[in-house]
Amino acid sequence: MEALMMTLGSGWVSGVRPYFMLFLLGLSGRLFDIEQIPTVLQRTDVLVIAGILLVVDFAADKIAFLDSFWDAVHTFVRPLAGGAIGYLLGGETDTTTAIVMAVLGMMTSLGAHATKSAARAVVNVSPEPVSNVIVSGAEDVAAVVVGGLAIVLPAVAGVLALILLVIGGFLIYRAIRLVRRMRARRAARGGDGSHAVISGELR
């Protein structure tokens with residue numbers, strides 16, 4: 001059960017900040033000798049690569065529109081990271097459990113990634129850059145909190161991840177409705193303009 005809840009928590013963080021989650025797991029396992037964390041994540045080369053990538057990820061996510069490109073590139077990376085972590089956490093027991101954990105981690109990461117991408121797409125419509133930085137900062141805080149809980153209190157992290165997924169699903173639904181509404185307004189304006197031009201020509 002502990003590995004399951006840790007997979008949920010780390011999976012959600014991987015959908016937002018995958019390199020941070022990998023780095024946090026590896027560093028925590030190395031410093032505190034946590035048995036649940038696989039030794040492969042504690043290797044020096046893995047920690048160095050994850051550390052460099054998390055800095056790049058942190059910077060790229062703060063720049064409007066570049067963050068959308070970064071999200072598109074990581075559409076497959078984030079779920080794969082969540083799945084890999086789940087597989088490693090479940091691999092301590094048997095192969096079947098590892099596969100189940102991998103799928104669970106991948107789906108959780110995909111849900112978090114979808115929420116992040118949808119929210120960022122809506123925020124980028126705003127003409128000022130402050131909103132983008134605020135949202136990105138909030139994601140950083142959430143990643144730190146859930147990631148830390150995934151290691152210290154896996155059960156709490158798992159429940160919190162499920163709650164965030166439900167909230168994320170609602171936000172995606174609202175974002176889709178907002179985009180459709182905006183498109184409908186643009187189409188209506190375009191239709192009115194065309195009608196006005198035609199009416200002027202007939203006169």
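Residues are numbered from 1 along each chain as its sequence is written, and side-chain values use heavy atoms, with hydrogens and water left out. Because the model is predicted, local features need pLDDT of at least 70 and side-chain atom pairs count only at pLDDT 80 or more, while totals for chains, interfaces and linings use all residues.

Q: What makes up the secondary structure of the chain?
A: The chain has eight helices and zero strands. Helices (H or I, at least four residues) and strands (E, at least two) are DSSP runs, numbered from the N terminus.

Q: Why is the contact of D61 with R17 called a salt bridge?
A: A salt bridge is a side-chain nitrogen of Lys or Arg within 4 Å of a carboxyl oxygen of Asp or Glu. The closest N and O atoms of D61 and R17 are 2.8 Å apart, so the pair meets the definition. D61 lies in the loop between helix 3 (44–60) and helix 4 (66–73) and R17 in the loop between helix 1 (2–14) and helix 2 (18–32), so the pair ties together parts that are 44 residues apart in sequence.

Q: Which salt bridges does K116 form, with D61 and with what else?
A: With D61, the closest N and O atoms are 2.6 Å apart. K116 lies in helix 6 and D61 in the loop between helix 3 and helix 4, so this pair ties together parts that are 55 residues apart in sequence. K116 also forms a salt bridge with E139, at 2.8 Å between the closest N and O atoms. E139 lies in helix 7, so that pair ties together parts that are 23 residues apart in sequence. R17, D61, K116 and E139 are among the residues linked in a network of salt bridges.

Q: Why is Y173 called partly exposed?
A: Buried means under 20% relative accessible area, exposed over 50%, and partly exposed in between (1.4 Å probe, protein chains only). Y173 has a relative accessible area of 45%, so it falls in the middle class. Y173 lies in helix 8. By contrast, both K116 and E139 are buried.

Q: Which classes of residue make up the lining of the largest pocket?
A: The lining has twelve nonpolar, three polar and two charged residues. Ala, Val, Leu, Ile, Met, Phe, Trp, Tyr, Cys and Pro count as nonpolar, Asp, Glu, Lys and Arg as charged, and the others, Gly among them, as polar.
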